[in-house]
Amino acid sequence: MATTHSRTTAGGTPATASMSRRILDEAARLFYEDGFPATSVRKITAACGVTAGSLYNHYGSKEEVLYAILKRAHEDSERMLEEGLLRGGDRADRQLAELVRELTLFHTERRVEGLVARTEWRHLPPEQAREVLDAQRRVRRIFERTLERGLSAGRFRLSDPRSTRPVQVDVVAKAILDMCINAGQWFRPEGAVSARELADQYSFLALQLVGAGSPDA
């Protein structure tokens, strides 16, 4: 995603960076609980314990705050996926297992940001909304390329015995993405399954979905 128009710069002081993060964290919580339209700048500043002037020192508008939240979420999730690919080495089944694990962890451990990113992007100006959609497409393409590599190597099987056509890669990628992303809607840290346990289970299920064996084999 392109660099935000935020007034906060990478060279800011630690206190400035800390306040910027606090604004984003509190705004994300409010956008999640009340929705973007119902969340005013006054609500955000009250939650942060700062004045409107302090917020505007960091972000020029409520839309800029939302954009910064989504930019951070997508950049962090893409970085986690790239790290997962590296850990998977040169085998597509291991790569897929790591991708599913990382995306599930992101959407369970940072569920508020993930849900806001999925639902509130429509309130961004058109150019920034397009950037968010482009980031979503990049993530989907990472999964599609991994599935394509697994098929070419003979590690994945996407055949449907009821049809003369193989199951399409993009359909399988979307199914796996939906599984990982939607975990954020129901997962609770106090539940019977931890985020990492769920990530491991989803990793196993994804491999079963594509007809792969154990990635340790």
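Predicted model: local features only at pLDDT ≥ 70, side-chain atom pairs only at ≥ 80, totals over all residues.
Biologist: Let's start with H7 and H8. Why is this pair called oblique?

Modeller: Helix H7 (residues 126-152) and helix H8 (residues 169-186) pack at an angle of about 125°. Roughly perpendicular covers 65 to 115 and roughly antiparallel needs over 145, so H7 and H8 are oblique to each other. Their axes are 9 Å apart, and H7 passes H8 in a right-handed crossing.

Biologist: Which residues of H7 and H8 make the contact?

Modeller: With heavy atoms within 4.5 Å as the cut-off, H7 brings Val-139, Arg-140, Phe-143, Glu-144, Leu-147, Glu-148 and Leu-151. H8 answers with Val-169, Asp-170, Val-172, Ala-173, Lys-174, Ile-176 and Leu-177. Sorted by type, these contact residues are nine nonpolar, no polar and five charged.

Biologist: Now H4 and H5. What makes H4 roughly antiparallel to H5?

Modeller: The axes of helix H4 (residues 62-87) and helix H5 (residues 92-109) cross at roughly 150° and come within 8 Å. Angles over 145 count as roughly antiparallel, and therefore H4 is roughly antiparallel to H5. As for handedness, H4 passes H5 in a right-handed crossing.

Biologist: And which residues of H4 and H5 make that contact?

Modeller: From H4 come Ala-73, Asp-76, Ser-77, Met-80, Leu-81, Gly-84, Leu-85 and Arg-87. From H5 come Gln-95, Glu-98, Leu-99, Glu-102, Leu-103 and Phe-106.

Biologist: How many residues of the contact of H4 with H5 are polar?

Modeller: Three are polar, alongside seven nonpolar and four charged. Gly counts as polar here, so Gly-84 of H4 belongs with the polar residues.

Key. Residues numbered from 1 in each chain as written. Heavy atoms only, no water. Axes fitted to C-alpha atoms, helices over the stretch in contact; angles between N-to-C directions. Helix = DSSP H or I, 4+ residues; strand = E, 2+ residues; numbered from the N terminus. Parallel < 35°, antiparallel > 145°, perpendicular 65-115°, else oblique. Left-handed = near helix turned anticlockwise from the far one by under 90°.
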